[in-house]
Amino acid sequence: MAGANPSVGANARWRVRGRSNRSQAELPAWTRALAEGDDAGYFGPGSAVWAVNGALPSLVAGIRALLLQTLHPGAMAGVHDWSRYHEDPLARLDGTVRWVATTTFGDRRSAAAASALVSRLHERITGTYTDAAGVERPYSANDEELLRWVHDAFTEAFLGAHEIWGGPIPGGGDAYVREWAQAGRLMGVTNPPTSVAGLRAEMIDFLDEAKVDDRVVQAVRFLRRPGLPGLTGRVYPILFGGAVASLRPRYRELLGLKRPWWPAITLTRIALAVGTRTLGPVSPSERNARSRIARLDGNSR
């Protein structure tokens, strides 16, 4: 990847997949910190959120979420004006993975702190954009409309990917949307959707605001070929193809994407199965969270 930090290649596999065969001491500090804390967190073992966010299809879901998020011109303006994703795509991914894992598996204090950190980083991300009607509007990354869109797109992407490639969801899709609504509240979203029907209704309403311009085309082109190094770079085209194939036709149409001619769903399933056998079914984040909960249970007894 042109202009990339030389250390990126060595860490890329860890940073992209969010799980590793490394020893506890070799894991990032924030992952090890998930073993600490005073409660089981907002979700816990047996929850829909642990089942979905902790499974390997979340890799495809992340790509799918980024594609969806480009459709809101305000969100896209913030990424275009402030993000350095072209120079170091893994840096932005690192931050997202850390927030998702901490909110999913951390204790309540850690989840709230991680969300507050993101909100503080958002404070400086402001500017203007031209909406779908051609009207120039101001934006802030902490605007509730943009936060709601990002939350909805994330929820739809992770649930949709898991329904295709993941296992059973405790309580079904409604349980996941209802539980993950807590993450939206932590980020400042008032009354996020709590059912699949409510989520889809909001997504349809947001399509009225959708706008595809050169910024979106540029972002989608980058997401197709981000120039990731090593094994990650070789597997990524399969995962990208799977993400595109998994999108609803209306979203693909808006993004100017076509469903791959090759069996993207099947090849993605094979890639994820190989990844699960290689890396194990449980991520280091979940292992550390289970260690924390076991410690708390032992202390209570």
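**A loop serine and its surroundings**

Tutor: Ser-47 sits in the loop that runs between α2 (29-32) and α3 (48-53); helices (H or I, at least four residues) and strands (E, at least two) are DSSP runs, numbered from the N terminus. The model is predicted, so local features need pLDDT of at least 70 and side-chain atom pairs count only at pLDDT 80 or more, while totals for chains, interfaces and linings use all residues. Residues are numbered from 1 along each chain as its sequence is written, and side-chain values use heavy atoms, with hydrogens and water left out.

Ser-47 has a relative accessible area of 7% and is therefore buried (buried means under 20% relative accessible area, exposed over 50%, partly exposed in between; 1.4 Å probe, protein chains only). Its side chain reaches the backbone oxygen of Gly-44 at 2.7 Å. Setting aside residues up to four places away in sequence, Ser-47 touches Pro-170 and Glu-179, where contact means heavy atoms within 4.5 Å.

Just after α9, Gly-188 takes a positive phi of about 105°.

Trp-180 is also a partner of Thr-104, which is in contact with Phe-43, Val-49, Trp-50 and Asn-53 as well, leaving aside neighbours within four places in sequence. Thr-104 belongs to helix α6 (residues 89-105) and counts as buried because its relative accessibility is 1%. The side chains of Thr-104 and Asn-53 are joined by a polar contact of 3.0 Å (a pair of N or O atoms within 3.5 Å; within protein, one must be able to donate a hydrogen and the other to accept it, and residues adjacent in sequence count only if both atoms are side-chain atoms).

For the whole chain, 50% of the 301 residues count as buried. Of the contacts with a separation of 6 or more, 75% are between residues 24 or more positions apart.
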